[in-house]
Amino acid sequence: MSGLPEGWAGSTVGELWELKYGKSLPEKARVAGDFMAYGSNGVVGSHTQALTSGPTIIIGRKGSIGELHFSSRPCFPIDTTYFIDDFSGCDEAFVTWLLHSLPLKTLNRATAIPGLNRDDAYALDIALPPLAEQRRIVAKLDALTARTARARDDLDRIPALAARYKQAVLDAAYGGHLSDQPLGQLAVADVISRLDQGWSPKCESEAAGEGEWGVIKTTAIQGIWFDELANKRLPSHLEARPAIEIVAGDVLITRAGPRSRVGVTCVVRQTRDRLMLCDKAYRLRVKPGVMNAEFLALMLNSPQALRAIEEMKTGISDSGLNLTQGKLLALSLPVPPVDEQKRLVAKIDRAFTEIDRLTAEAAAARRLLDRLDQAILAKAFRGELVPQDPADEPAGVLLERIRAERAAAPKPKRGRRKAAA
């Protein structure tokens with residue numbers, strides 16, 4: 001390894017640290033206690049015994065390979081992990097950051113369950129700074145990543161805030177606060193020309209191709225918008241039912257399923273041909289001159305209508321509820337003249353478009369933060385994040401000490417790992 005910063009030394013993971021194997025600790029064998037038990041994805045429980053001797057880095061070995069977790073105290077890594085609890089005189093937080101910078105997640109050799117081969121990890125080259133510089137790097141990384149973590153938390157709240165803002169817009173529209181004209185009240189039955197229920201034959205698992213008939217899944221109906229890709233192909237031996245083919249202008253609402261998926265409404269603004277309505281949904285077709293389809297879908301997604309629909313759901317458990325036609329048709333909604341409905345739809349669309357734009361910008365910023373963290377790590381391990389100090393003990397001295405200590409240590413006996421008691 002050439003071009004190292006002053007005082008640094010080249011080495012490998014395997015020369016510096018042992019990746020020890022975790023031990024089997026099935027859930028039924030765990031006794032809740034003071035020591036956290038770790039799997040590849042993090043904490044899986046607790047136990048009365050610890051496997052490690054102190055602060056520990058846990059590394060995913062099976063499944064989520066290369067995932068890293070840190071425990072500041074003794075813990076119990078299970079047999080899907082490796083762990084490091086002897087840091088060979090290096091700063092434990094530095095070792096954690098260093099491992100984060102390595103391509104551990106790319107070292108899978110397995111064809112079924114992903115697996116990290118220890119020898120592959122051992123062969124990775126590293127650049128080792130002096131111990132004092134390791135600590136300066138850790139302090140700088142902690143400070144910088146704390147800032148990006150706060151920014152990430154703020155950005156992660158944006159989608160929920162966007163959903164709340166959209167609901168606030170619909171709340172205002174329902175209450176007449178966006179309209180220049182008074183809003184009357186009509187039942188759903190008064191503003192539609194027909195209500196249809198679909199058909200759910202046993203379909204193929206894949207989506208319908210071009211020119212083929214398909215039946216939508218209930219997941220095609222999302223809040224306000226329609227996903228034509230969520231469908232299943234009708235088997236060739238079954239005759240299609242063109243009468244329930246979905247077309248632009250249809251308002252769809254789920255009528256049966258788990259609580260969170262009953263009463264979900266969308267308007268079909270555009271769709272491919274030959275998609276049929278499924279049995280677990282209703283299709284509403286509005287009366288021209290009385291109701292605009294997009295306005296109806298928006299009002300059925302308003303907080304007021306959603307609360308009313310929630311009260312209408314019937315069933316013995318949250319996993320299987322129903323929305324009956326009678327209750328849905330009796331639901332009262334604000335209905336201004338059709339021209340005013342169209343104007344309100346345009347106003348709401350503009351608000352939603354702006355909210356979606358801001359949400360997309362937040363998502364892009366979120367992705368940039370992840371790249372920024374990686375750039376900071378790369379800079380740290382090129383020796384560019386903190387200045388070198390000629391007074392620091394060179395890493396070569398530390399490396400020779402580690403080599404001597406490891407050479408003098410008794411070789412561990414090889415044997416089958418036993419499950420913990």
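The dialogue takes up aromatic rings, packed helices and backbone angles in turn.

Modeller: First, the ground rules. This is a predicted model, where local features need pLDDT of at least 70, side-chain atom pairs count only at pLDDT 80 or more, and totals for chains, interfaces and linings use all residues. Residues are numbered from 1 along each chain as its sequence is written, and side-chain values use heavy atoms, with hydrogens and water left out.

Biologist: How many aromatic pairs does a search of the whole structure find?

Modeller: A pair of aromatic rings is described by the distance of the centres and the angle of the planes. Rings of Phe, Tyr and Trp (its six-membered ring) pair if their centres lie within 6.5 Å; planes under 30 degrees apart are stacked, over 60 edge-to-face, the rest tilted. The search finds two pairs. One of them joins Phe 94 and Phe 381: the centres are 5.5 Å apart and the planes at 65°, so this pair is edge-to-face.

Biologist: Which parts does the pair of Phe 94 and Phe 381 tie together?

Modeller: Phe 94 lies in helix α2 (residues 92–101), and Phe 381 in the loop between α10 (338–380) and α11 (395–408), so the pair ties together parts 287 residues apart in sequence. Helices (H or I, at least four residues) and strands (E, at least two) are DSSP runs, numbered from the N terminus.

Biologist: Is Phe 94 buried or exposed?

Modeller: Buried means under 20% relative accessible area, exposed over 50%, partly exposed in between (1.4 Å probe, protein chains only). Phe 94 is buried at 0%. Phe 381 is buried at 13%.

Biologist: Where do α2 and α4 meet?

Modeller: Two packed helices are described by the angle between their axes and the distance between the axes. Axes are lines fitted to C-alpha atoms, for helices over the stretch in contact; angles run from 0 to 180 degrees between N-to-C directions. The axes of α2 and α4 (residues 131–156) come within 9 Å and cross at roughly 60°. Contact means heavy atoms within 4.5 Å. Ala 93, Phe 94 and Trp 97 in α2 meet residues of α4, including Ile 137, Val 138 and Leu 141.

Biologist: What is the phi of Ile 224?

Modeller: Most residues other than glycine have a negative phi. Ile 224 has a positive phi of about 80°, although it is not a glycine. Ile 224 is in the loop between β12 (214–216) and β13 (231–233), and is partly exposed at 22%. Arg 274 also has a positive phi, about 65°. Arg 274 is in the loop between β16 (265–267) and β17 (275–276), and is partly exposed at 37%.
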